[in-house]
Amino acid sequence: MPGRDGFRRLFRLDRGDRDVDRSVRDELAFHFEMAVADLVASGMTAADARLEAERRFGDVGRTRHRLETIDRARVAEGRRVEQWRNILHDLRFALRMLRRQPGFAAAVILTLALGIGANTTIFGIVDRLLFRPPALLPNPDHVHRLYFARTDNGREFAAANVSYQRYLDVVNGTSAFASMAAFWTPRMAVGRDNANEMRVTMATASFWQVFDVTPVAGRLFTAVEDSPPAGEPVAVLSWPFWQATFGGRRDVLGTRVRIGRVDYTIIGVAPRGFWGLEQTAPAAFIPLSSGADNFHGPFGPGRPSWRQGYGFNWLQIFARRKEGVSIDASTSDLTAAFKRSYALQAAEQHHLPPADVARPRAIVGSILTERGPNQGTNSKVALWLIGVSAIVLIIACANVGNLLLARAVRRRREIAVRLALGISRTRLFSQLLVESTLLAALGAAGGLALARWGAGLLGSVLLPDLTTPGSVIDSRLLLFTSLAAAAAGFVTGLAPALQAVRLDVTTMLHGGARDGASHRSPVQLGLLVMQGALSTLLLVGAGLFMRSLHNVRDVRLGFDADRLSFVAPVMRGVVLSAAETSRLHERLTGAARVIPGVDGASRTESVPFYWDNEDNIFIPGRDSVNKLGSFVQQSVSPGYFATAGTRILHGRGITDEDRPGAPRAVVVSRMMAATLWPAQEAIGKCVKVSADTMPCNHVVGIAEDIKQFSLRDDPGLEYYLAAAQADATFGVYVRTSARGGASAETIRRALQREMPGVSYVTVTPLSQILEPVTLPWQLGATMFTMFGGLALLVAAVGLYSVLAYGVAQRSREIGVRVALGARPRDVVTLVLREGLGISLGAIALGVVTALLAGRWLAPLLFSVSPRDPVTYGTVALVLLLVTVIACLAPAQRAARTDPNIALRAE
Amino acid sequence: MFPSNVQGNAVAESDLDLVQGTLDLLVLKALAWGPMHGYGVARWVGATTADDLQIEEGALYTALHRMERRGWLSAEWGLSENNRQAKFYRLSAAGRRQLRAETARWTRYVAAVTRVLQTA
């Protein structure tokens, strides 16, 4: 037997299934050949020997199959082990490479962190708005918000808010739903001495049937405790409120907390993260029947209770479909119930349009409001943000791809050597991908950190009703980030890896890095242009939104939002007669006027974008005036127009002479005058309010229109009565000499002294009320500017690094030029020309894209054309300027090239 | 204990029921002498047991491949004594450990059973 091991090795490896099968066949063939030979040698005939060998062996077919199965499994396991070993090896290798170039690694990781962080932040918001079902809601696909739509003047309105009577009608009139609940979440005073206004969810007991909530302490309220008319004053606290106010103590169960004007017994605590259907946690959950009277105040004689009638739409309804009932079937069931309910309502409210005009129809919508029929601006803005942040990620990827490409060029020699030494191209390819994925993973970690910080920033500044500290990062977000990182790693690594794999070994080993690098690859140029173009796109968006925001702020509102604050008395159970309320409002107005820093005060009834009172008006000799639009009623003190900053165009405002008993005065808006009395003198005309039988109010003045509902196309129909003559005020306007709400607390403290008992005042600057109105533009301007600036920075760094690298690589060529008499200025021009060429291409591409995309952006802008030339011009200038800055350092370095050193280096 | 890893389909039909662990032990022992191809193992086992155990050779091959998969044996193609291509098996370090452990366990097992039989 030759050799130490008794046999000579053959080079044979079982790698695939085909190899395995052949190997088993060969092995068995050898066995039978040997066995038959031995048996023949012992004297058997060939045929007998064959039979005997097979008898000794057993079932050949089955054994062969079994051996193949075992071997295939072994080979597959071996492959897996080898793959993992390779990946581990690649990872170690990649880490070593990164440690050797910490600057490069930091640049790449930071760039990716910015890109991924932006996307993670936005995803967190969008996920909450559009995808993630509320917590503790099992089988959320079967739970729906119910909407009730009717057609009015040819337009259909889907109402999410309904009356209690409607709720009862559809609960009793449907069979498609396993459970149905109504709730409302108003702000109520919580606490006794240091009362805060907090949101409190009042819900029917069936609320708890739709969810699957196990209280962390105590219990939930029951149907018995939620039986009308009054219900039991019991409260289930939310987890955050329990923690913040009671420090999470269990002995709060059974104690009392004052909500509104009633003491509630705490019976339980909802689990952490349970917010009902709210976007943030309310303070507590209370039975609807105990909260309604508490909140709405006593419904005096002659006024309907909250349980009666269809006029008072305050509840939201959601329901769980029965198993096996389709959405369509439940919709028709609900619509039928709604139609019956509508008929009952029509019997009560005679002005209601008939069912064949109103076409009542129910909608079984998504449990997420933003996916229902009444999608708000938040989700539209959020969808835009997804686009914008995705662009930032693309730019970041392009930049990192470029850096990796540049490095791959530098590493050509190394790669060529390794290829020559026999590393397979597949291994090399996967190794380069592992490297970029590692970078992306590190970037993602940075991105998560940024997102944590960014979400807080974004949320608190821009989407205040959507943020909850502490719950920013969860498994869904992690999954998203990992996917984004994996994609980024693959995308950024692909081009350099492909290029490396296509490398021609012999040329590279002969030529050396210097020659190989002098040609800029078209991929690299393309990436640079793309980055620049996308930056242009974002900056154009930023410019358009900034101009929109500017225009929005320039809109003449008809009142000084910056200086006005609205003071609302919250009575908290202190019951005042109408006359007492009036006197209180007078007292508050008087007290406000003497506060230092206050320029004026007036009673007020309607507050723009916040609260308005509309009443029917009647003009002698004219029919159906109310079909012309809704007229907003305001009742005011003398001096109101100076206080609000609303100009009187003709006649006079409300003055001291408009006393009780004096002729009743009214001031109308310009638009109202033009609508009611076109081409006529309005002063002196008669306006009756509420009913034809009411006394005349004589028009004494015409005021400018104010924006009451919308910045863009407000109807502008307002009329102002003297509070002394028509007592309907709701609160007090206070005008401060300082802008903004700086002295809101001063006002609150001064006026609080006038409030009886446990009642109190809230002071809200009008600028704060207007904030949500201007938010979409603010958001657009901020986001586009932030992301656009980020994109520009990243693109500029990309351009700089590529140019700087190019200059370093071309030092010999430049050296030759200098030696041949090129002046520094010529060298600088050389570099600048290249940078500006790229940048001009990028601007052209970006501008064309922006012009095309402008169509979709137009509805979001305010009085700005999506093709606004000023914006485009400014952006182009900014880009060119940044290009020059990015070129400057490389150009200077090139100009300083010493031909002696550059040429000698070879 | 020893018979616990019996697998029904690996039990050869013979005078003495041969459980899989025993088969493994025999194959490991055969290879303890040096690398061998499958036929060699079969011949060694037959000769050593004087055919008392009536082992189906197919079962031996199954044992060889299974132990190769478990890493107790490593296999390589080489040339046989008559210059034919054959698959040679060799004990790995893990295989040697396994052989020692199985041998000890088998000895204990037999001793225990023998004691029982003797007291009877």
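Mentor: In chain A, α17 passes α22 in a left-handed crossing (the near helix is turned anticlockwise from the far one by less than a right angle; clockwise is right-handed). This is a predicted model, in which local features need pLDDT of at least 70, side-chain atom pairs count only at pLDDT 80 or more, and totals for chains, interfaces and linings use all residues. Residues are numbered from 1 along each chain as its sequence is written, with chains lettered from A and ligands numbered from 1 in the order in which they are written.

Helix α17 of chain A covers residues 522-554 and helix α22 of chain A covers residues 766-809 (DSSP runs of H or I, at least four residues, numbered from the N terminus; strands are E, at least two). Their axes come within 7 Å and cross at roughly 155° (lines fitted to C-alpha atoms over the stretch in contact, angles from 0 to 180 degrees between N-to-C directions). α17(A) and α22(A) are therefore roughly antiparallel to each other (over 145 degrees; under 35 is roughly parallel, 65 to 115 roughly perpendicular, the rest oblique). By class, the contact of α17(A) with α22(A) holds 18 nonpolar residues, 12 polar ones and no charged ones (Ala, Val, Leu, Ile, Met, Phe, Trp, Tyr, Cys and Pro are nonpolar; Asp, Glu, Lys and Arg charged; the others, Gly among them, polar).

Chain B has a helix pair to set beside this one. There α2(B) and α3(B) pack at an angle of about 125°, with axes 10 Å apart, and are therefore oblique to each other. The crossing of α2(B) and α3(B) is right-handed. On the α2(B) side the contact is made by G38(B), V41(B), A42(B) and V45(B), and on the α3(B) side by E57(B), L60(B), Y61(B) and L64(B) (contact: C-beta atoms, placed from the backbone, within 7 Å). In this contact six residues are nonpolar, one is polar and one is charged.

Between the chains, 24 residues of chain B are in contact with 27 residues of chain A. At least two residues of the touching side of chain B come from each of α2 (38-48), α3 (57-70), β2 (73-79) and β3 (85-91). α3(B) gives the most, with nine residues. That side of chain B has eight nonpolar, seven polar and nine charged residues.

As for confidence, the predictor gives the complex an ipTM of 0.84 and a pTM of 0.68. Chain B has a mean pLDDT of 82, and 82% of its residues reach 70 or more (pLDDT is the predictor's confidence in each residue, from 0 to 100). Over residues 1-17 of chain B the pLDDT is below 50, and beyond near neighbours in sequence this stretch has 26 contacts in the model.

Technical notes. Contact = placed C-beta atoms within 7 Å.
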